[in-house]
Amino acid sequence: MKFSPTAFLLVIALLMSTVAAAGVDADDRFLAARDAVKVGDRAKLERIAPELKDHDLEAYVDYWRILLDLSSADPAVIKAFLARYEKSYLAEKLRADWLKLLGMKNQWREFDAEYPALAQPDQELSCYALQSRMARGDASVLDDALPLWLNLIEPPASCYPVLEALILEKRVLADAVWARVRRQFEANKLSAARYSMNYLPPSQTPDARVATAVCDTPLPWLVKLPSASLAGSRINRELAVLAISRIARNDPRMASEQLIKIERQLQGSESAWAWSQIGWQAAQRHMSEALPWYRKGDAAVLSDEVAQWKVRAALRALDWGMVRTAIEKMPPALAEQPAWVYWLGRAYRAGGRIEEANALFSRIAGQPNFYGNLADDELGHPIMTPPKAASLTTEEKARVAANAGVRRALALYRVNLRSEGVKEWNWTLRGMSDRELLAASEIAEHAGIFDRAIAAADRTKTEHDYSLRYLSPYSDQVRTAAIGQSLDDAWVYGLMRQESRFVTNAKSTAGASGLMQLMPATAKWVARKIGLKDFHQGQVNDTATNLLLGTTYMRLVMESLDNHPVLASAAYNAGPGRARKWRSDQPLEGAIYAETIPFNETRDYVKKVMSNSVYYSALFDGKPQSIKGRLGVIGPRSTVDPKAEELP
């Protein structure tokens with residue numbers, strides 16, 4: 001079917017024009033229907049539903065009508081909905097809701113008939129599927145369930161019958177139960193750990209009050225424990241090392257002192273695990289003792305998190321031999337992640353194994369992320385944006401604009417249901433070709449929905465448009481603000497892309513607002529600092545005010561932290577005091593500083609901001625870029641301006 005340019009414009013006008021063109025009354029009725037669902041008012045919903053026939057969001061009304069009484073709904077009605085909206089986000093959601101209900105009722109025949117059509121089962125449904133196989137007498141189900149034992153730290157209720165079957169069939173014995181408890185202690189899931197203790201043989205099951213004391217008051221409990229009671233009691237030994245792990249969370253040195261006192265009474269695997277826990281906690285505090293403590297636990301089987309921090313501790317100490325051995329001991333799936341491929345390559349290069357290092361760098365080079373950028377630098381490949389895909393045809397854009405999921409997502413944004421719009425949009429992008437993704441990106445950009453435009457362009461595999469992947473809206477205002485503060489506009493855009501994806505009214509769970517995600521106290525402090533008269537918090541979402549306050553704060557942070565963008569990026573996310581604290585006593589490569597940031601969110605944030613800035617610079621300047629040049633070297637703590645403490 002051919003679409004003329006006029007037809008395409010008509011479709012776009014229908015989807016993305018003003019609210020008036022979409023029908024204010026109909027949208028208001030839709031929101032009224034949603035309010036009725038929230039309070040369970042079926043009568044009101046049924047009165048409104050006929051008025052929304054052929055509305056872009058009619059599917060949501062149909063979904064709500066079923067969902068209100070799902071437990072008593074006619075299966076034929078559910079199946080009719082699934083057939084009408086097959087492969088849509090709502091079909092997946094209703095199918096999942098229905099399957100959970102069937103699983104709760106142990107209606108396995110109906111469950112098995114519908115489960116294969118589910119595209120993305122969550123853990124709750126995966127465990128119901130295992131339960132169904134158990135009910136059928138499937139002999140292989142426990143083999144498939146066994147990996148859940150260690151990996152499923154805090155399981156949903158549907159998983160407990162499966163886990164308990166592993167116990168009953170003696171597929172899991174006491175060693176595995178204690179291993180699970182240790183993993184749950186590592187994850188700070190103490191209630192789940194105490195529950196898991198009930199799976200132990202009666203002779204090894206701790207008293208509930210003792211288990212609670214180990215969790216809540218580990219040091220007093222351990223100090224009172226007679227050393228002589230450890231050698232012949234596995235319960236006491238296991239509880240002792242769990243107590244050590246809890247003490248280490250607050251004071252690794254104290255944990256070390258306590259472990260030394262009892263180590264002779266422990267078995268080798270027990271003390272090794274305790275030392276690994278102390279090393280892990282010390283590594284996150286950048287303590288010099290982290291590696292020696294880790295070495296005392298070399299025999300321990302490490303969880304992924306503890307293994308990764310062993311590498312980070314070695315990076316911090318520039319111990320490339322330990323970096324290599326720690327990564328080589330990782331489980332294959334973990335070692336294959338780009339981070340550890342890159343750092344293993346660096347370890348090989350430091351050891352003179354140049355060809356092996358380059359082979360590793362080549363595996364991840366070209367990937368549009370922090371480690372792909374670093375690998376490109378190691379290989380001497382200049383970082384540039386890939387060639388821009390051929391322009392989209394009118395027909396290509398019109399076909400995507402007419403997609404029902406795209407229409408629903410845009411309609412949800414139109415009625416300010418952003419969360420629902422994000423889910424609908426992301427689901428609809430599944431399976432799209434690169435050309436379709438680029439069309440979706442252009443449509444979202446045209447509608448001013450910049451975060452979804454980026455989300456679509458980010459998914460392309462072979463045909464790309466980095467001007468969409470790295471959008472630069474509000475260009476005049478952003479560049480004016482950046483120039484006014486003597487900031488690199490590529491870095492400013494890189495930070496904004498990570499902060500808000502250019503959603504002007506974005507608000508985080510912590511209370512940060514606007515394009516540059518300013519916290520209320522920070523906005524107020526900066527406004528006072530620059531003498532912004534009559535400032536009030538309601539102005540933070542105003543684009544010009546947000547940019548003025550945000551870029552001013554970026555400059556102040558930069559000036560207080562050696563004008564270093566890595567430090568300033570970390571400070572913008574986690575605070576200048578923390579960025580200062582995370583420095584070393586010696587100069588530190590910027591990439592190593594970023595890798596060893598203790599906060600998961602901030603570590604990921606800094607990497608993405610710096611990679612973003614590389615691509616923005618490539619787009620703005622049209623020149624090859626180097627991320628290592630941007631990361632530079634972080635000076636030692638001694639050079640820190642004490643005024644950094646004054647910044648919020």
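## Pockets

On a 1 Å grid laid over the protein atoms alone, a pocket is an open set of points with protein on both sides within 12 Å along at least five of seven lines, whereas a cavity is a set of points where a 1.4 Å probe fits but cannot get out; residues with an atom within 4 Å of a point count as lining. Grid points are joined across faces, edges and corners, and a volume is the space filled by probe spheres set on those points. The structure is a predicted model, in which local features need pLDDT of at least 70 and side-chain atom pairs count only at pLDDT 80 or more, while totals for chains, interfaces and linings use all residues. Residues are numbered from 1 along each chain as its sequence is written, and side-chain values use heavy atoms, with hydrogens and water left out.

The largest pocket holds about 780 Å³ of space, and its lining is made up of 31 residues, with W280, Q284, S303, D304 and E305 nearest the centre. Two or more lining residues come from each of α11 (148-151), α13 (174-186), α19 (268-284), α21 (304-316) and α38 (576-581), where helices (H or I, at least four residues) and strands (E, at least two) are DSSP runs numbered from the N terminus. The largest share, four residues, belongs to α21. By class, the lining of the largest pocket comprises 14 nonpolar, six polar and 11 charged residues, with Ala, Val, Leu, Ile, Met, Phe, Trp, Tyr, Cys and Pro taken as nonpolar, Asp, Glu, Lys and Arg as charged, and the others, Gly among them, as polar.

The second largest pocket has a volume of about 630 Å³ and is lined by 28 residues, of which E499, S508, A512, N573 and E601 lie nearest its centre. Here the elements that give two or more residues to the lining are α34 (489-499), α37 (565-574), α38 and α40 (600-621), and α37 provides the largest share, with four residues. The lining of the second largest pocket divides into 13 nonpolar, nine polar and six charged residues.

## The disulfide

One disulfide is found in a search of the whole structure, the term being applied to a pair of cysteine sulfur atoms within 2.5 Å. The bond joins C127 and C159, whose sulfur atoms are 2.0 Å apart. Because the torsion about the S-S bond of C127 and C159 is about 95°, the disulfide is right-handed. The pair links distant parts of the chain, 32 residues apart, with C127 in helix α9 (residues 123-135) and C159 in the loop between α11 and α12 (160-168).

C127 is buried, at a relative accessible area of 0%, and C159 is likewise buried, at 0%; buried means under 20% relative accessible area, exposed over 50%, and partly exposed in between, with a 1.4 Å probe and protein chains only. Another cysteine, C215, is buried with a relative accessible area of 2%.

## A buried helix and a buried glutamine

In helix α5 (residues 58-67), eight of the 10 residues are buried, so the helix is largely enclosed by the rest of the structure. The buried residues of α5 are E58, A59, Y60, V61, D62, Y63, W64 and I66.

Q204 is placed in the loop between α14 (190-196) and α15 (208-216) and is buried, with a relative accessible area of 16%. The side chain of Q204 makes a polar contact with the side chain of W178 at 2.9 Å; a polar contact is a pair of N or O atoms within 3.5 Å, of which, within protein, one must be able to donate a hydrogen and the other to accept it, and residues adjacent in sequence count only if both atoms are side-chain atoms. Leaving aside neighbours within four places in sequence, Q204 is in contact with A174, W178, R234 and I235, contact meaning heavy atoms within 4.5 Å.

## Loop residues

Most residues other than glycine have a negative phi. K170, in the loop between α12 and α13, has a positive phi near 60° and counts as exposed at 64% relative accessibility. R501, in the loop between α34 and α35 (520-529), has a positive phi of about 50° although it is not a glycine, and counts as partly exposed at 25% relative accessibility.

P226 lies in the loop between α16 (218-224) and α17 (234-250) and is partly exposed, with a relative accessible area of 47%. The C-alpha atoms of P226 and N250 are separated by 23 Å, the two residues being 24 residues apart along the chain.
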